[in-house]
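Here are my notes on the model, as numbered points.

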Amino acid sequence: MVPVIQLFARDAPWFEFPPGKDLAQLVWCPLDHDEEPGGSVVPRLYWRDEAETGTRGTLSDAPVPGEGEYGEELVPRPCTVSPTPAVEYPGYDLPDELLTALLPRLEQLQDRFGFWYTEVASALQNKVGGYPAWTQSPDWPHCGAGHRMEHLFSVASEVAYGRWLPLDEHEPGTTQPQWQAPAAEDIVDTIGPELMLGDMGGVYIFLCRRCPDLPYAHRFDCH
């Protein structure tokens, strides 16, 4: 297993942790598991207490796979994050009747800003909470009790362009609209975990808070 996400409650005060827990850790096996539900990787999610975890000490070096064939694109580059709150909306999850009702307004927005609603409703980037930025048809998992799970984490391929890229990271002098402007070359190679999941896809982690054992599931989604 290799580490993918370590999120402290103090860094995401809007995110609900289980009682008595203030640290979330996600790891996964970077081998190919096409036969597994969700495909690609096999993740494991752990809820921990930061103080208790800290007393056990830390590793001097990040663990790396020791055997088997694995793709480097599934092993994250060590990096830190600065969580930034953002308001998201469901993209392809919008009910058909609601989409029909909103269509005239969405077409007006497209004419004005040059992008379609589903291109910017939710971010195809690494995030906690919000909505999955599906590139295929929505595929929400259900727990064993039949509850539809909520989206917990998105771990996405590097997206070096788009509305969600900070303006100061855009390529200087670009004439493209903000939502599709490329990143500056010196930024692309320094930010993020440097992942490539399939064809610019992502792994979405889902959680059921209605069940006491907090079951989770994942989906792999790409172009």
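1. Asp221 belongs to strand β7, residues 216–221; strands here are DSSP runs (E, at least two residues), numbered from the N terminus. The model is predicted: local features need pLDDT of at least 70, side-chain atom pairs count only at pLDDT 80 or more, and totals for chains, interfaces and linings use all residues. Residues are numbered from 1 along each chain as its sequence is written, and side-chain values use heavy atoms, with hydrogens and water left out.

2. Asp221 is buried but has no salt bridge. Buried means under 20% relative accessible area (1.4 Å probe, protein chains only), and a salt bridge is a side-chain nitrogen of Lys or Arg within 4 Å of a carboxyl oxygen of Asp or Glu. The nearest side chain of opposite charge is that of Arg219, 9.2 Å away.

3. What does the side chain of Asp221 make a polar contact with? The side chain of Tyr204, at 3.3 Å. A polar contact is a pair of N or O atoms within 3.5 Å; within protein, one must be able to donate a hydrogen and the other to accept it, and residues adjacent in sequence count only if both atoms are side-chain atoms. A polar atom of the Asp221 side chain also lies 3.1 Å from the backbone nitrogen of Gln136.

4. β7 is part of an open sheet of 4 strands, ordered β4-β5-β6-β7 with antiparallel pairing; two strands pair if DSSP finds at least two bridges between them. β4 and β7 each have a single partner strand, so one side of each is left without a neighbour in the sheet.

5. Phe153 of β5 stands opposite Val128 and has Ile205 as its bridge partner in β6. Tyr204 in β6 stands opposite Ser154. Of the 7 residues of β5, 6 are buried.

6. The largest nonpolar core has 21 residues, and Phe15, Trp28, Leu45, Trp47, Leu152 and Phe153 have the most contacts inside it. Such a core is a set of buried Ala, Val, Leu, Ile, Met, Phe, Trp, Tyr and Cys residues joined through side-chain atoms within 4.5 Å. β1, β2, β3, β5 and β6 each supply at least two of its residues. A second, separate core of 9 residues includes Tyr204, Phe206, Cys211 and Ala217.

Methods:
Buried means under 20% relative accessible area, exposed over 50%, partly exposed in between (1.4 Å probe, protein chains only). Lys and Arg count as positive and Asp and Glu as negative; His and the chain ends are not counted.
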